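Please read the following report alongside the sequence and the coordinates.

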Amino acid sequence: MDLFEYQGKQYFARYDIPVSPGGAADTVDEAVKVADKAGYPVVVKAQVQVGGRGKAGGIKLANNAEETRFHANNILGMDIKGHVVKRLWVEHASDIAEEYYASFTLDRAAKKHLLMLSAQGGVDIEEVAEKDPDAIVKLHIDPVDGLSAAVARKAAVDAKIPEKALEGVASILVQLYRCFTEGDCDLAEINPLILKPTGEVHALDAKVSLDNNASFRHPEWEEYRATEELDAREQLARTHDLQYIGLDGTVGIIANGAGLAMSTLDVVNQVGGNAANFLDIGGGANADVMAAALEVINFDQNVSSIFINIFGGITRGEEVAKGIVEALSRVDLRAPIVIRLDGTNAEQGREILKNAGIPESKLVSKPTMLEAARAAVALSNGK
Amino acid sequence: MAIFVNQNTKVIVQGLTGGQGKYHGLRNKAYGTQVVGGVTPGKGGTDVEGIPVFNTVAEAVAATGADASFIAVPPKAASAAILEAAAAGVRFVVCITEGIPAQDEAKVYNTLVRDYPNTRLLGPNCPGIISPGKCNIGITAGEIAELPKAGKKNVGIVSRSGTLTYQALYELKQRGIGVSTCVGIGGDPVPGTNFIDCLREFQADPETDAIIMIGEIGGSAEEEAAEFIKANVTKPMSAYIAGVTAPAGKKMGHAGAIVSGGKGTAQGKMDALRAAGVKVGQNPTEAGDLMAEIIKSIS
């Protein structure tokens, strides 16, 4: 789950990482109130999860209440690359002497944590990596050992952080690492990490991505969940606890297992179609889950055919078939279904589907993934 | 022969008294696996359909001589369960638990490397391992695995995805091709056992004549495997990579299946494998067809 900047900053604050005084605002009046409290000048920042906010006019400096009102009014409701601004973050504008970069992620290949630190912050780090790779210090951290203050300081020295900022940067690194590990982040990034003329170091931006698997031990994540940028289809899928990702094609997909679901999208694409979604209903495919899945697919107005791709491993084919028949009796579908049912007891399953009295205009059964994909795409295009 | 497990492997089930543990533990036993005990704290002294339950892994190992463990406990308890098995000297630990926090996985992996180098972890978030006719630990339906055939060419399977593992088993069964061992390494970011670990074993296993590898988007495990294959694997291979059309930045069901920063794409992985001499199919069936051709050519 990706956090908005304001949430990231609030999350940082939990781990004692210094951020600018400020607050979130949903209206112009709120923005002025926050600005008055933070102290002018302030920066008014659009809260959207997309890069290039500044260029799009979504970040503005305001010297007084009037300017704050003007910018807040312009930015709220602004469309930035398809993301409509619903919330602002207003914070006291910092004087910047220097800009650095710091992040922690998991390096999957090394199976260790990875610190990336650079004295060249405030710009796209990918660009720095390309143009001047030596400007980025990459340090692997054994998750069992963690990150000590001494190691953090050495990394800062290696990254050529100037003497006057060393202690400040090292201490933020230790705090950011704590946020990354104890806070169960997939990514904790500060860009830029700034040095103020007064000598303090603090986080001017916050990019935080949380590991959904750890939500059981973070009740405080509940509020982030409420603001997650999901489309209406994804919202509906979430209420049914389904693993769903909305796409923009016309073939609705239901498969059991993440790998098979991914594979299903690929095969649909290979035969000239486009999937409307990714949907994994898991190992067991009972009637309740199938009905919920069909309901979510049916909600998507772009869907003109549905491809159900089930491989019976533990779940036996006849159980899957019964589930589908029952689900069909509960959900009134707009689009026809093509089903490929394979694996354990698949023949019995197909027999059940055949004898269920469902007209062929509503349900077609195909023996292989490829044939089913072709049929689903043909139905989808024919509409 | 087979890799990692065989007919002599003695298995305990951590979480045998829970729903998943009981269901799959008993299925594994019914398949012929030596399921010799279970572990559930506080339920020591009881039994599950004749399988004795112990309070700790150490007690279970001492009483039964188990050398493998099957962990079917919830995400909160999984890390401790893995380390308990390692501390008790269990050689091979299969963890099917889905949803373990990545931070916990990274810690457990590095703890195993440092403190318990003799313990191999398979998973988490994996279907398990089956050596057809000998041993089945995990959730794979044993019926869909073709028995290896003496005097014929047999195939080893290694896969990141559960259902695609079953799909691969099924593709081979339909063609009557025997399977030496099928290993599901799981879809999480920090798997205890990776492609290379399995490829090394398959290369050394006299019963395995060819290998099917099934990968998916995210990370660089397939690319690293390709490097290893180029240098070390002489047995012929076919492969399939899922997620060609997956949008960037989205976790596709598996915690580890994500294309980020232009890295971890299916195309990159397929190219790397092709460059290593692996025959790469566009879908699981094609990977099966390619394997059938390979078997024909080496028989």
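The sections below take up the basis of the model, the interface, the domains, the nonpolar cores and the strand pairing.

## Basis of the model

This is a predicted model, in which local features need pLDDT of at least 70 and side-chain atom pairs count only at pLDDT 80 or more, whereas totals for chains, interfaces and linings use all residues. Residues are numbered from 1 along each chain as its sequence is written, and chains are lettered from A and ligands numbered from 1 in the order in which they are written.

## Interface between the chains

In chain A, 44 residues are in contact with 50 residues of chain B, contact being counted when the C-beta atoms of two residues, placed from the backbone, lie within 7 Å. The elements of chain A that give two or more residues to this side are β13 (243–246), α9 (258–270), β15 (277–280), β17 (337–343) and α13 (369–382); helices (H or I, at least four residues) and strands (E, at least two) are DSSP runs, numbered from the N terminus.

The most is given by α9(A), with eleven residues. By class, the side of chain A that touches chain B holds 20 nonpolar, 14 polar and ten charged residues, where Ala, Val, Leu, Ile, Met, Phe, Trp, Tyr, Cys and Pro count as nonpolar, Asp, Glu, Lys and Arg as charged, and the others, Gly among them, as polar.

## Domains of chain B

Chain B is assigned domain 1 (9–120) and domain 2 (143–295), with bounds that come from an automatic or database domain assignment. Their centres, taken over C-alpha atoms, are separated by 26 Å, and six residues of domain 1 of chain B are in contact with six residues of domain 2 of chain B. On the domain 1 side, helix α4 (residues 102–115) of chain B supplies the largest share, five residues, and the residues of that side divide into four nonpolar, no polar and two charged.

## Nonpolar cores

A nonpolar core is a set of buried Ala, Val, Leu, Ile, Met, Phe, Trp, Tyr and Cys residues joined through C-beta atoms within 7 Å, and a residue is buried if 20 or more other C-beta atoms, placed from the backbone, lie within 10 Å of its own, exposed if 12 or fewer, and partly exposed in between. The largest core has 156 residues, of which Ile253(A), Ile71(B), Ile82(B), Val93(B) and Ala239(B) touch the most other members. This core lies between domain 1 (9–120) and domain 2 (143–295) of chain B, because both give residues to it.

Leaving aside residues up to four places away in sequence, Ile82(B) touches Ile71(B), Val93(B), Cys95(B), Val108(B) and Leu121(B). A second, separate core of 65 residues includes Phe4(A), Phe104(A), Met116(A) and Leu147(A).

## Strand pairing

In chain B, an open sheet of seven strands runs in the order β3-β4-β2-β1-β5-β6-β7, with mixed pairing, two strands being paired if DSSP finds at least two bridges between them. The edge strands are β3 (47–48) and β7 (120–122) of chain B, each of which pairs on one side only. Within this chain, strands β5 (residues 68–71) and β6 (residues 92–95) pair in the parallel sense over four bridges, and Ala68(B) has Phe92(B) as its bridge partner in β6(B).

In chain A, six of the seven residues of strand β8 (residues 112–118) are buried. Strand β7 (residues 98–107) of chain A pairs with β8(A) in the antiparallel sense over seven bridges, with Leu106(A) opposite His113(A); β8(A) also pairs with strand β9 (residues 136–141) of chain A, in the antiparallel sense over six bridges.
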